[in-house]
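Dear colleague,

I am handing over the structure below, and I would be grateful if you could look through it before reading my notes.

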Amino acid sequence: MDGILKDNDISHVVKADKAHVWHHLIQHKPFETNDPRIIIEGKGMRVWDQNGKEYLDAVSGAVWTVNVGYGRERIANAVHENLMKMCYFANAAGNIPGALYAEKLIEKMPGMSRVYYCNSGSEANEKAFKLIRQIAHKKYGGKKTKILYRDRDYHGSTLAAMSAGGQDERNAQYGPFAPDFVRVPHCMEYRKDELGLGHLSGRDFGIAAANQIEDVILREGPETVGALCLEPVTAGGGVITPPEGYWDRVQEICQEYDILLHIDEVVCGIGRTGTHWFGYQHYGIKPDFVTMAKGVASGYAAISCMVTTEEVFEMFKSDPTDKLDHFRDISTFGGCTAGPAAALENMAIIEEEGLLENCTAMGERMMGNLKALMEKHTIIGDVRGKGLFLGCELVKDRETKEPVDEADIAAVVADCGAQGVIIGAANRSVPGRNNVIAFSPALIATAADIDTITNAVDNALTKVFG
Ligand SMILES: Cc1ncc(COP(=O)(O)O)c(C=O)c1O
């Protein structure tokens, strides 16, 4: 750590950042008096900032991305080797790591068969949306163009992805949005009163919540609805795990009305939920499209994938004499070999180190620790999650479930930061519901790491709420 600070004039870096970098997501006014945080180095689960302060990163690069941890030499070496051999050629032609990664990925996804490379989660979702629209034209004479998305889900920052965005504070001031994106209700059991389903629980609730999707389909007209796009476990919208029975019924509804199922695995994909490679695999779902990004190469290179079935693929080569028949789409950097080269190593690390299993075991430990904190802190209304992907919903009163103020959530995050633990939180996403603190440590987390994180949360809750 000292080495890197000595080799660089850090005060110059801070000055250049303050003068010229527009950071993601945040308000910059405070940087007129304070310095932004600059992350200088990372190793394993830990990162260091410009002041040399060490943090245990409980959110894998702030947005659930660095699944195999920082400083993996073998990923960097594989990227280096591939870039030196063949850095880039448009993906209308193939490349070695691209072909090999597609083969490996499809091995993990029974029922799926084709991988389309692009660079971000938003972009992967846009590719699926375009295919869904093209299918509506090719197969249904321009009908079935509607794409359903769910309240509180998020699918990206580009305009079509935001048109499918279920988080109104994220969308505010960026409209108007693209037509034919239609919202369906969320499926959160803790807030079932909002859905008018307060009298139901367990499987009955899950089925009734899925039936609310059917209500929307019937209202819109099934002949107009082409696809349903859902996160397997909602991430930024509040870490919402699906209720029992929900996914079985969703699948039935899609089959009944001939609706394609697009699963957004941008957060859940590549091991985040433990045991399985993908979130949807916990629920027996048979998707038509799966999109993934963050954990694909753990942030070592920019890569996302839109994966689909052979049935969908076949539709796009049915008439070679028709110049509009195929998928007329490109992602320039989908032809860079750094992404699939990093993704291949990332997958090998997860397999060789048993990280899917570790994720399940450490996720259970963390869930146990957080549930124990519920006994002590009545401010915790609900604890949810799957694998190393967890959240605590904080409420002023367990009976009324009135959310705590967003400022108090920020205070908890700041206090954990002061203790040297970086945690996450839903913020400026769902109006009145930005009251969830979130955790997504790297899949390499140890029991000691998990306990350090939950101890920091315990201290922060005591400090902020007494
Ligand atoms: C579920 C989900 N889908 C899509 C995206 C968009 O990914 P990206 O920021 O890489 O465009 C995100 C980003 O947080 C996400 O959480």
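This is a predicted model: local features need pLDDT of at least 70, side-chain atom pairs count only at pLDDT 80 or more; totals for chains, interfaces and linings use all residues.

Residues are numbered from 1 along each chain as its sequence is written, and side-chain values use heavy atoms, with hydrogens and water left out.

The two domains

The domain assignment gives domain 1 as 37–66 + 355–465 and domain 2 as 73–353, the bounds coming from an automatic or database domain assignment. The C-alpha centres of domain 1 and domain 2 lie 26 Å apart, and the contact between them (heavy atoms within 4.5 Å) takes 40 residues from domain 1 and 38 residues from domain 2. Together the domains bury about 3,100 Å², 57% of it on carbon and sulfur atoms; buried area here is the accessible area (1.4 Å probe) that two parts lose on being put together, summed over both. On the side of domain 1, W64, L356 and F389 lose the most area to domain 2, and together they make up 23% of what that side buries.

Between domain 1 and domain 2 there are two salt bridges, a salt bridge being a side-chain nitrogen of Lys or Arg within 4 Å of a carboxyl oxygen of Asp or Glu. The side chains of R433 and E194 also meet in a salt bridge, at 2.6 Å from N to O.

The ligand

An oxygen atom of the ligand is 2.8 Å from a polar backbone atom of G121, and a ligand oxygen atom is 2.9 Å from an N or O atom in the side chain of K294. On the side chain of D264, an N or O atom is 2.7 Å from a nitrogen atom of the ligand.

Other local features

A search of the whole structure finds 31 salt bridges. In one that involves K127 and E123, the closest N and O atoms are 3.4 Å apart; because K127 and E123 are four residues apart in helix α6 (residues 121–140), they are separated by about one helical turn.

Most residues other than glycine have a negative phi, and most peptide bonds are trans. The peptide bond from G175 to P176, however, is cis, with omega near 0 degrees, and A62 has a positive phi, near 75 degrees.

With best wishes

Note on methods. A polar contact is a pair of N or O atoms within 3.5 Å; within protein, one must be able to donate a hydrogen and the other to accept it, and residues adjacent in sequence count only if both atoms are side-chain atoms. Helices (H or I, at least four residues) and strands (E, at least two) are DSSP runs, numbered from the N terminus.
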